Amino acid sequence: METYFVLRMVIAAGALILPATLLLWVALDSGVSMMGSLSAFYYSPARSLFVGILVAIGVALVAYRGYTRGENALLNGAGVLSIVVALVPTGDSSLPGLTVAGAVHAVAAVGFFVLAALSIFFYGQETLGSLSDPDQQRRYRAVYRVLAVLVVAFPAAAVLVAWVVGPSVALFAGEAAALYAFAAFWLVKTYELSQSHSELRIV
């Protein structure tokens, strides 16, 4: 249905636009410095952009309905956590120590990527039975599994690099790459649904 198509596009577009627009802002505004993570832009003039896009993604994930209750639960959880990430700021790098808000933000960010990956890995293939070509089904299944792994592997690798070499833009790059993998799933899923004509079976 058109409503679900729009929600998928909101999710995909938001994930694609957020890192790119933050980088563009840094390039065009000398008053905005490059940050070590997406979340650190909360403490910059780009705060409204960061918060607005993440809230939009979260609302779209909560509004979207999948094929099973399990998928809905994971998407709802990821959506809520996206909103928490947007509204509860990460720790201010200029201040020492870990705050309660910073801890909540970190847990929510990790939880978002984990739930997003689980929803793709376990439920991305739910509509593939409507495709008549077994080889096509296998290709889509492989793509979805790879994207699910990348959604968690990119930020995890970035955190490891940042822990080993110290603060850098590695975390920003890892988070951005994970969001692009997440967006790629929704774009591929939309194309797959156009082929399988499964849209009307969404609960």
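The structure is a predicted model, in which local features need pLDDT of at least 70 and side-chain atom pairs count only at pLDDT 80 or more, whereas totals for chains, interfaces and linings use all residues. Residues are numbered from 1 along each chain as its sequence is written, and side-chain values rest on heavy atoms, with hydrogens and water left out.

Secondary structure elements are DSSP runs numbered from the N terminus, with helices (H or I) needing at least four residues and strands (E) at least two. Helix α2, spanning residues 47-63, comprises 17 residues and reaches 24 Å from its first C-alpha to its last, which is close to the 24 Å expected at 1.5 Å a residue; the expected span is taken as 1.5 Å times one less than the number of residues. Burial is assigned from relative accessible area with a 1.4 Å probe and protein chains only, such that buried means under 20%, exposed over 50%, and partly exposed in between. By this criterion F50, V51, I53, L54, I57, G58, A60 and L61 of α2 are buried. The cover over these buried residues includes α1 (2-28), α3 (69-87), α4 (100-123) and α6 (170-196).

A nonpolar core is defined as a set of buried Ala, Val, Leu, Ile, Met, Phe, Trp, Tyr and Cys residues joined through side-chain atoms within 4.5 Å. The largest such core has 54 residues, and those with the most contacts inside it are F41, F50, L61, V151, F182 and W186. Two or more residues are given to this core by each of α1, α2, α3, α4, α5 (134-165) and α6, with α6 giving the most, at 10 residues. When neighbours within four places in sequence are left aside, F41 is in contact (heavy atoms within 4.5 Å) with L22, V26, V32, S33, M34, M35, A46, R47 and F172. S44, located in the loop between α1 and α2, counts as buried at 10% relative accessibility, and its contacts, with neighbours within four places again left aside, are V32 and M35.

On the surface, V110, V114, L118, F121, F122 and V152 form a nonpolar patch with about 470 Å² of accessible area together. Patches are made of residues with over 30% relative accessible area and no salt bridge, where like charges are joined within 9 Å and nonpolar side chains (Val, Leu, Ile, Met, Phe, Trp, Tyr) within 5 Å; the accessible areas come from the Shrake-Rupley method with a 1.4 Å probe, and for residues only the protein chains shown count as cover. Helix α4 supplies the largest share of the nonpolar patch, five residues. F122, found in helix α4, is partly exposed, with a relative accessible area of 46%.

Side chains of opposite charge can pair when their charged atoms come close. With a salt bridge taken as a side-chain nitrogen of Lys or Arg within 4 Å of a carboxyl oxygen of Asp or Glu, a search of the whole structure finds two. One joins the side chains of D135 and R138 at 2.0 Å, N to O; these residues both lie in helix α5, three residues apart, about one turn of the helix, and D135 counts as partly exposed at 38% relative accessibility. The side chains of K189 and E192 also meet in a salt bridge, at 2.6 Å, N to O. K189 and E192 both lie in helix α6, three residues apart, about one turn of the helix, and both are buried.

Separations between C-alpha atoms were also computed for several pairs. Y4, in helix α1, is buried with a relative accessible area of 11%, and its C-alpha lies 9.4 Å from that of T190, 186 residues apart along the chain. R8 is likewise placed in helix α1 and is buried with a relative accessible area of 0%; the C-alpha atoms of R8 and P89, 81 residues apart along the chain, are separated by 26 Å. A106, in helix α4, counts as partly exposed at 39% relative accessibility, and the C-alpha atoms of A106 and T90, 16 residues apart along the chain, are separated by 6.9 Å.
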